[in-house]
Amino acid sequence: MNYQELGEYLRSMGNQVVANHEKLEGIPLARAAQSLERAVFQFGKKLDDFLGGRGPGIQELDELLKSPQAKAHLPLAGLNIISRKLFGETLKAERLPTGRKEFFARVKKEQVGEETVEVLKDFFFQAAQMVPPPEDKVSLQNELLRLGSLPEEELKFEFSHRLKSLSILKNLAKANSLPISRNPKKADLIDVITHYARRAHANIAHRAPP
Amino acid sequence: MPAKVIAFVNFKGGVGKTANVVNIGADLAKYHGKKVLIVDLDAQSNSSVWLMQPPEWRKHTQDLSRSVYQIFRDKIVGTHLFDFEKAVVHGVPRREFPLIAGLDLLPSVVEMVKIEDQIHQIKSVSAFTILYQALKTHFYSYHYVFLDCPPNLYSVSKNALFAADYCVVPYIPDYLSLSGFEILVDMVHEFYNRMSGHFTVRPWPQIAAFIINHFAKQKNVFETGVNEFEITINQLKPGGKIHPQATCLQPYIRFNVHVAESTNEHLPVFLHKPDSIGAMDYADLTQNFLRHFEGVL
């Protein structure tokens, strides 16, 4: 059954009840009617909430506050940023669960559900954005591959001339996500770079470096 | 405007194709107001049984004409039994009623294994345009159509490649995937070359994004694997075999037991465990997926 079929079924049953209400009687029917009444009221409330009965945007806000994005990017500090943006002040709550409740109640009271949803969506969009890679990343990746293709003597030459500074070596290692310690020694860096350069060249061997 | 049709393709199995299709599709529909159709093209029917409970799937596809199988079967035997409206399942997953109103599924069946043999009876390139011809009018009802391909590059996958505007390659950062990736790119490019005469009205599709799956932060082991993959991509771009803006979408999807568990619950991970790292990774990935496919490309 889908919601359209459910609606049509309820309408048809409703018509039947209205047309026959003066004849309907008995304990089994009364008990079934009581439980249906409870279920119908419960469903009616959920339906009303879903269709915006709590105010425009409130249902969507409720879902967004329970979403994985909120779990990932909306600690109390984030909620306070949004609160300041919307209401010019931070929340009184000192913990996230109470902060969420306070925030939700405030939005509902001030009837700014739709605006809050937009602000939150933008907040999550910005939060998901990754730090762009350094501009020279591609050239440093290609450099690793080129180093891997060099014979031993030429590689040693590169490390003793063009790549002799620690900062250049560190930069090359970082751009290629190589495992290095916080304060690596030059000899260790050269070992790591040599290993991963040789590996990259072997693994991507048949494509000539640009 | 027709949907952006995206084939999730990799001939290596277990790289996360179905997990990506199901979870990005569900996120787009739930949190971004997109109307999404998932077309399951794999005989293993993984996205079908992820989003449908097995009895529901069996009942629905008992009549094979209510599955993607019929699209191919009609072409092979010359019938016209496929009816999109009867085959499509609206608002999946469902618990009698829709759980995500904007997410639809065109399910697959095990009988799809037979299609690969039968399709060779069609001795022309029209064997690869079957899916596109059957679904192209329905593309206008959606923002996104995701084609979940089988783990091979045979005829059904080629149908997906032809129907697609873009390809996304799910990937695991190890050498076995890397070696297969270069072959995949060559085969996809070769196929598009062969079909080039058919891309007169719409642009030639290209591999436009990569999704890194099963990632773990362990002493840069996976980072170095991704780095080699990125170097390979850099090498391939100048030859025009992949889109010049093609990129590894971030964040990388970490291995998370709740994603695996969500298949048993027949739910996307955010409905199963919204506070899991799997749900959070997919939420951010979907944001960046949108940024890429609606902003960058």
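## Where the two chains meet

In this predicted model, 29 residues of chain B are in contact with 27 residues of chain A. On the chain B side, three helices each supply at least two residues to the face that touches chain A: α9, α10 (221-236) and α13 (277-296). Of the elements in chain B, α10(B) gives the most to that face, with 10 residues.

Chain A is built from 11 helices and has zero strands. Read along the sequence, then, the pattern is simply one α after another: α-α-α-α-α-α-α-α-α-α-α.

How does the radius of gyration of chain A stand against that of a compact globule of 210 residues? The globule would come out near 17 Å, but chain A has 32 Å. Along the principal axes, the C-alpha atoms of chain A fill a box of roughly 105 × 45 × 25 Å.

Buried residues make up 20% of the 210 residues in chain A. If you take the contacts in chain A between residues at least 6 apart in sequence, 57% of them join residues at least 24 apart.

In soluble globular proteins, nonpolar side chains tend to be buried together. Here, the largest nonpolar core has 88 residues. The residues with the most contacts inside that core are B:A7, B:F146, B:L147, B:A160 and B:C167. Leaving aside residues up to four places away in sequence, B:F146 touches B:I6, B:F8, B:V21, B:G25, B:V36, B:I38 and B:V39. There is also a second, separate core of 17 residues, which includes A:L172, A:I193, A:A197 and A:I204.

## Strand β7 of chain B and its partners

Strand β7 of chain B covers residues 166-171, and five of its six residues are buried, so the strand is largely enclosed by the rest of the structure. Which strands pair with it? One is β1 (residues 4-8) of chain B, which runs parallel to β7(B) and is joined to it by three bridges. Within that pairing, B:I6 has B:Y166 as its bridge partner.

The other pairing listed here is with strand β8 (residues 206-212) of chain B, also in the parallel sense, over six bridges. B:C167, one of the residues with the most contacts inside the largest core, has B:I207 in β8(B) as its bridge partner.

Two cis peptide bonds are worth a look. One joins B:V92 and B:P93, with omega about -10°; B:P93 is found in the loop between α5 (84-87) and β3 (94-95) of chain B. Another joins B:Q250 and B:P251, with omega about 0°, and B:P251 has its place in the loop between β9 (242-249) and α11 (257-265) of chain B.

Two histidines have a positive phi without being glycine. For B:H214, phi is about 55°, and the residue is in the loop between β8 and α10 of chain B. For B:H266, phi is near 60°, and the residue lies in the loop between α11 and α12 (269-272) of chain B.

Is B:H214 buried or exposed? B:H214 counts as buried because it has 21 C-beta neighbours inside 10 Å. B:H266 has 21 C-beta neighbours inside 10 Å, so it counts as buried too.

Methods: Residues are numbered from 1 along each chain as its sequence is written. Chains are lettered from A and ligands numbered from 1 in the order in which they are written. This is a predicted model: local features need pLDDT of at least 70, side-chain atom pairs count only at pLDDT 80 or more; totals for chains, interfaces and linings use all residues. A nonpolar core is a set of buried Ala, Val, Leu, Ile, Met, Phe, Trp, Tyr and Cys residues joined through C-beta atoms within 7 Å. A residue is buried if 20 or more other C-beta atoms lie within 10 Å of its own, exposed if 12 or fewer, and partly exposed in between; C-beta atoms are placed from the backbone. Two residues are in contact if their C-beta atoms, placed from the backbone, lie within 7 Å. Helices (H or I, at least four residues) and strands (E, at least two) are DSSP runs, numbered from the N terminus. The radius of gyration is taken over C-alpha atoms; the globule rule is 2.2 Å times the number of residues to the power 0.38. Two strands pair if DSSP finds at least two bridges between them.
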